[in-house]
Amino acid sequence: MRKGGNAGRAVAAAGGGLVAWGVAWAAYSGVREPGAALAFGGVVLLGELLRVPAGTDREGAPLATAGGLGYALLGPAAAGVSQTAAVVAAATGAAALTARLTAPRPRQGRHGRHAQAAPAAPPRAQAALRRVLIVAFAAACCQPLGGEEVLTGMAGAPRAAFLVAVLAATALWDAVLSAALGAAEGGRPFVPGLRDEVRGLTGIASAVCAGGVVMALAVRSAGLWAVPLVALPLLLTQLSLRGHAAVRATYRQTVTTLARATEVAGYTPRGHAGRVSELSVAVGRELGLPARQLTLLAYAALMHDIGQLSLVDPVPRGATEPLDGERRQAIAALGGEVVRRTGAPAEVALIVERQAHPYREQPLAGRIVRAVNAYEDLTGEAAPLEARLAAVERLRLATGYDYDPRVVEALTRVLARHSTRAWLDAGADGKDLG
């Protein structure tokens with residue numbers, strides 16, 4: 001049994017148990033300071049309704065997280081751990097229900113089948129449980145200090161410093177949770193994922209933590225009227241993130257369409273670019289690449305064969321691996337020039353044009369694309385197990401000049417771990433390459 005799966009089930013069990021306990025306790029003892037619960041619950045609800053599309057940012061709803069943290073930092077008199085968890089979970093659930101009810105229904109064709117794909121699913125339960133766990137952690141840090149007397153005794157700089165320390169610990173706890181959930185999904189190992197999450201704390205996470213602190217301090221000083229004033233900058237930030245996510249989604253679609261040009265023209269097999277991109281990103285996660293580098297890697301892997309459009313006669317099966325080095329480099333150079341004309345980042349063009357060079361002259365992302373593309377060229381979509389094992393062994397034997405040994409080892413681990421996918425069905429015969 002994989003450790004990642006155990007971690008995912010543990011997080012789900014802890015979050016679900018905390019929500020159940022919070023709701024039951026609130027029903028039994030009543031809601032303390034219902035005005036604060038409604039105000040902060042409304043911030044969480046609004047943040048979830050305006051959630052940034054999944055897969056584009058580490059924090060999909062910064063306003064909702066800041067509102068939950070601000071509510072947790074008000075102290076035990078306003079909301080203990082159980083009530084904090086209940087309010088945040090109720091607001092997140094209400095947002096998910098609203099999104100489901102207001103989403104347009106898919107149209108049906110003449111034969112009763114859906115003519116278009118169903119709308120995107122509401123915010124994932126995993127993200128909701130993660131938020132409940134981090135705001136409950138922040139509330140628990142405030143709870144053991146003796147209650148309201150100690151917290152109200154802190155004023156000015158000491159109170160602000162205490163809240164900042166609590167949020168620093170909460171941010172680290174959030175990084176651990178995110179890394180564990182990433183491992184549970186099978187996308188990346190825990191330790192590289194944790195490093196990536198810690199690096200990400202300097203971005204939007206710092207603004208979220210600062211917003212939570214300011215919101216809690218402002219409510220203590222000016223009352224609940226301060227909540228919308230403090231939440232407004234984070235709301236504008238989240239709206240900007242949504243706009244940026246839409247631009248990135250459009251660009252991703254453009255890149256995907258451009259990558260399919262080689263398939264439509266008959267230069268490469270159908271689905272080749274997508275398979276290379278998916279496997280390259282998995283190897284990049286295995287090696288601990290940060291989120292931005294993974295995005296650039298995905299773009300480069302999608303367009304790595306675009307230079308073949310300049311060929312008069314297509315390469316059989318689009319496999320450039322059997323070609324001599326000079327011809328591979330010429331095709332890659334033409335591909336890099338095409339990528340530059342698309343307006344892609346300079347790093348993407350560099351990865352594409354250097355993919356046929358000796359690996360020591362390539363950036364790490366280029367080494368990944370080179371190895372993964374070679375594996376795909378040697379196997380294809382439906383190669384038998386023996387051919388896939390032979391392809392991995394061939395890559396291992398060529399690590400002195402053509403392929404980076406670290407990349408080949410990471411590729412081998414990914415192929416063995418994802419045995420249910422089409423990359424390598426090692427699990428079918430009870431074999432283990434890891």
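Helix α9 passes helix α10 in a left-handed crossing, a term for a near helix turned anticlockwise from the far one by less than a right angle. This is a predicted model, in which local features need pLDDT of at least 70, side-chain atom pairs count only at pLDDT 80 or more, and totals for chains, interfaces and linings use all residues. Residues are numbered from 1 along each chain as its sequence is written, and side-chain values use heavy atoms, without hydrogens and water.

Helices are DSSP runs of H or I with at least four residues, and strands are runs of E with at least two, numbered from the N terminus. The axes of α9 (residues 204-222) and α10 (residues 226-259) come within 8 Å and cross at roughly 165°. That makes α9 roughly antiparallel to α10, the word for angles over 145 degrees. Axes are lines fitted to C-alpha atoms, for helices over the stretch in contact, and angles run from 0 to 180 degrees between N-to-C directions.

Contact means heavy atoms within 4.5 Å. Among the residues of α9 that meet α10 are I204, G211 and A222; their partners in α10 include A226, T237 and L241. The contact comprises 13 nonpolar residues, two polar and no charged.

An unreviewed UniProt entry lists residues 85-103, 160-184 and 204-232 under "transmembrane region"; such annotations may be inferred rather than shown by experiment.

| Stretch | Helix | Strand | Distance between end C-alpha atoms |
|---|---|---|---|
| Residues 85-103 | 95% helix | 0% strand | 27 Å |
| Residues 204-232 | 90% helix | 0% strand | 15 Å |

E33 lies in the loop between α1 (3-29) and α2 (34-49). Its phi is near 45°, a positive value in a residue other than glycine. At 41% relative accessibility, E33 counts as partly exposed, between buried (under 20%) and exposed (over 50%), with a 1.4 Å probe and protein chains only.

Conventions:
Angles under 35 degrees count as roughly parallel, over 145 as roughly antiparallel, 65 to 115 as roughly perpendicular and the rest as oblique. Ala, Val, Leu, Ile, Met, Phe, Trp, Tyr, Cys and Pro count as nonpolar, Asp, Glu, Lys and Arg as charged, and the others, Gly among them, as polar.
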